[in-house]
Amino acid sequence: MAEQLVELNVTGMHCNNCAMSIHKLLEKKGLQDVLVSFASEEVKFSTGDRQTLPQIIKDIESLGFKVVDEANLQPTPFYDKVENKFIFCALFTAPLLLHMVLPWHFLHNQIVQLILCLPVFLMGCLHFGKSAFSSLKNGVPNMDVLIFIGSTSAFIYSLVGTVQNLGEHYLFYETCATIITLVLLGNVLEKRSVNQTTSAVKDLMKFQQVTANRVIKDGVEVVSAKEILSGDILLVNEGDQVPVDGDVLSGDSLINEAMITGEGIPVSKTKYDKVIGGTIVQQGNIRIMATKVGSNSTLSQIIDLMKKAQAAKPPVQKLGDKVAAIFVPVVILIALLTFVITYFATDAGLQRSMMNAIAVMVISCPCAMGLATPTAVMVGLGRAAKNGILIKGGDTIEAVANTKYVLFDKTGTLTTGKFGIIEIKPEEGFTMEQIRGVITAVEERSNHPIARSLVGGLQAYPQQKIILRTATEEKGLGMRAEDVDGNNYFLGMAKHKTPDHFNLTLYRNQVRMAQIAVDDTIKPDAASLIAQLKKTGITPVLVSGDKALRCKVLAATLGIKEVHAEMLPDDKLKVVDMYRKKGKTIMIGDGINDAPALTQADVGVSMNDASHIAIQSAKVILLNTDLKSVVKFLQISRHTLLTIKQNLFWAFAYNIVAIPVAALGFLNPMVGAFAMAFSDVIVIGNSIRLKSKRIAP
């Protein structure tokens with residue numbers, strides 16, 4: 001059974017600890033492509049059996065969270081917002097901290113300190129304790145276990161000191177309250193930061209939440225874009241957003257398609273042209289017929305691809321996941337060893353031993369490991385999408401690293417797919433104006449795509465007009481025509497072998513007028529793209545089904561040394577396999593014949609105007625056919641992977657250094673809680689930097 005992406009709305013998640021609990025649970029159940037975002041309250045995973053969904057929901061709710069219907073999604077209650085919990089705790093924690101610097105004797109009273117600490121401790125029990133207990137019950141201990149044990153230890157130790165009146169040396173109420181308050185502060189900062197990394201999909205979804213002017217018998221009615229049906233007639237005025245995909249029935253306009261293609265220059269649209277939902281009409285008014293609505297629209301498919309992409313993990317994340325999975329039990333063990341060794345092997349005493357053990361628990365931070373990869377991937381995917389590049393998975397980003405070869409199809413990839421005259425070689429006795437006039441007159445009578453390209457290309461040049469009496473097309477050969485003066489013309493494939501690249505011949509009354517070289521025109525950015533790839537140590541390769549001579553001419557023009565011409569789909573597959581054995585390989589193509597090769601390559605890249613099969617086979621779709629997008633894709637992928645590695649390095653280095661320092665007694669628990677709260681923010685901040693940082697090859 002095919003894997004299906006399931007999306008659930010889960011309330012009650014306050015930080016990445018909560019998200020990691022659900023993540024571990026779902027992976028433990030064998031589910032794939034798991035993504036849990038506490039900021040957007042979303043849980044996604046792939047499953048081949050939807051019948052198990054009720055049990056999965058039940059298991060998630062057993063962790064202390066609530067799975068709700070999107071339609072019934074309610075705003076978080078005031079008392080349950082982590083920001084309000086932090087403010088509540090801070091009001092009681094502030095006086096407890098002030099007693100350490102201010103000479104107010106009543107604050108030194110152990111009963112006053114207990115009264116101030118108790119509300120904070122109870123809030124900590126409700127916030128962290130519930131999550132900790134549920135995670136232990138389900139065998140997936142999370143970070144809240146460490147926070148709960150640490151704060152509870154400090155509270156109970158202080159409570160015993162108060163009951164037995166042992167003096168203020170046994171009072172650590174401020175430690176308990178500060179741990180809880182600072183971790184809540186970390187949760188607040190974490191949630192706000194992660195919200196910034198997940199904005200790409202939300203930004204796209206806003207484009208779906210618009211109204212439309214639907215034409216009815218009595219005039220026009222305003223409806224939601226969700227209510228539009230295929231076949232509805234819609235009016236879109238200047239400044240409006242096109243609500244759904246459709247065909248223009250009447251009117252002229254300039255439409256900004258930047259949110260789809262990344263290209264800021266408006267595109268002219270007139271009758272019969274297609275328009276995409278979410279684009280903006282900058283000038284003019286049009287009447288369109290809706291063709292693709294709901295989940296079939298281009299925008300919906302892009303959003304779906306983005307959601308699936310966020311759930312696909314790069315292999316580099318596996319190390320972080322493995323460490324995070326055993327982190328909590330290991331930290332508890334280290335904390336116990338710290339207590340035992342400090343108490344029995346030194347003369348530090350019970351109080352010092354316990355504070356060192358608590359410091360170990362509150363300074364350790366598996367969250368940074370859990371956030372290192374997904375935050376960077378989300379920002380990277382979002383930046384790529386805003387540049388008209390759809391990357392189907394976070395794993396694709398890592399596959400791009402260390403690319404050795406980029407294989408290009410020819411037609412529609414390095415070339416425009418539109419044919420033009422490369423050269424005309426006139427025979428003696430005929431002028432260039434005569435030849436152009438005949439070509440235009442003859443090809444105007446043909447419906448062949450090449451003929452239309454030739455006519456369009458010659459319009460700008462001077463030509464001698466002729467009037468034809470008849471013109472007929474001979475399939476597979478060319479065009480025959482007769483002018484009003486009785487001259488007979490033939491324009492078609494050369495009857496005899498012609499030198500070099502001439503592939504058409506023009507005859508008048510069986511006398512050759514000219515030899516014509518017609519070929520696909522090269523895309524403007526093709527040469528600079530090849531040069532940039534070579535500059536970064538990547539070898540460009542041409543793999544085409546076209547004739548060998550044409551491929552060699554194109555390769556020589558662009559500076560490509562490795563050429564494989566006259567390739568059938570099976571041949572392309574073999575070529576891709578050959579290069580994959582030498583190193584990481586990217587295949588860029590657009591045709592049905594490219595689909596197997598796109599699937600076989602380490603990364604398949606498809607152009608937006610490619611065939612549907614090619615788009616489905618590729619891992620990356622370039623919505624803007626401008627070849628600069630290829631370089632942009634490579635740059636964004638490399639910098640995203642670099643950000644992931646930086647994040648993981650920080651996450652590991654922080655814990656490797658911080659835990660021993662705390663165990664040796666150089667940090668008190670309050671400083672530990674402060675450091676832990678901000679370690680997540682550093683990781684997320686580095687990921688957010690990817691949104692606007694200057695990227696180079």
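Me: What makes Trp 650 count as partly exposed?

Reply: In this predicted model, Trp 650 has a relative accessible area of 30%, and because buried requires a value under 20% and exposed one over 50%, Trp 650 falls in between and is partly exposed.

Me: How do you know whether Tyr 654 is buried or exposed?

Reply: The relative accessibility of Tyr 654 is 8%, and since the limit for buried is under 20%, Tyr 654 counts as buried.

Me: How many aromatic pairs does a search of the whole structure find, and why is the pair of Phe 339 and Tyr 343 called stacked?

Reply: The search finds seven such pairs. In the case of Phe 339 and Tyr 343, the ring centres lie 5.9 Å apart with the planes at 0 degrees; the centres are therefore within the 6.5 Å needed for a pair, and the planes are under the 30 degrees that separate stacked from tilted, so the pair is stacked. Both residues belong to helix 10 (residues 317-345), where being four residues apart separates them by about one helical turn. Phe 339 is partly exposed at 24% relative accessibility, and Tyr 343 is partly exposed at 36%.

Me: Why is the pair of Trp 650 and Tyr 654 called tilted?

Reply: The centres of Trp 650 and Tyr 654 are 5.7 Å apart and the planes make 35 degrees; because stacked needs under 30 degrees and edge-to-face over 60, the pair is tilted. Trp 650 and Tyr 654 are four residues apart in helix 22 (residues 628-663), which separates them by about one helical turn.

Me: What makes strand 12 and strand 21 the edges of the sheet?

Reply: The sheet is open and mixed in its pairing, with seven strands in the order 12-24-23-22-13-20-21. Strand 12 (389-391) and strand 21 (562-564) each have a single partner strand, so one side of each is left without a neighbour in the sheet. From one strand to the next, the twist averages 20 degrees.

Me: How do you know that strand 23 is largely enclosed?

Reply: Five of the five residues of strand 23 (residues 603-607) are buried, so the rest of the structure largely encloses this strand. Val 603, Val 605 and Met 607 point one way from strand 23, whereas Gly 604 and Ser 606 point the other way.

Me: What makes strand 22 and strand 24 partners of strand 23?

Reply: Two strands pair if there are at least two bridges between them. Strand 22 (residues 584-589) and strand 23 have four, in the parallel sense, and Gly 604 in strand 23 is the bridge partner of Met 587. Strand 23 and strand 24 (residues 620-622) have three, also in the parallel sense, with Met 607 standing opposite Leu 622 in strand 24.

Me: Why are helix 3 and helix 4 called roughly antiparallel?

Reply: Helix 3 (residues 82-98) and helix 4 (residues 110-137) pack at an angle of about 155 degrees, with their axes 8 Å apart. Because angles over 145 degrees count as roughly antiparallel, that term applies to helix 3 and helix 4, and their crossing is left-handed. Among the residues that meet are Phe 88, Cys 89 and Phe 92 in helix 3 and Leu 116, Val 120 and Met 123 in helix 4.

Terms used:
Residues numbered from 1 in each chain as written. Predicted model: local features only at pLDDT ≥ 70, side-chain atom pairs only at ≥ 80, totals over all residues. Heavy atoms only, no water. Phe/Tyr/Trp six-rings, centres within 6.5 Å; stacked < 30°, edge-to-face > 60°. Helix = DSSP H or I, 4+ residues; strand = E, 2+ residues; numbered from the N terminus. Buried < 20%, exposed > 50% of the residue type's maximum accessible area, 1.4 Å probe, protein only. Axes fitted to C-alpha atoms, helices over the stretch in contact; angles between N-to-C directions. Parallel < 35°, antiparallel > 145°, perpendicular 65-115°, else oblique. Left-handed = near helix turned anticlockwise from the far one by under 90°. Contact = heavy atoms within 4.5 Å.
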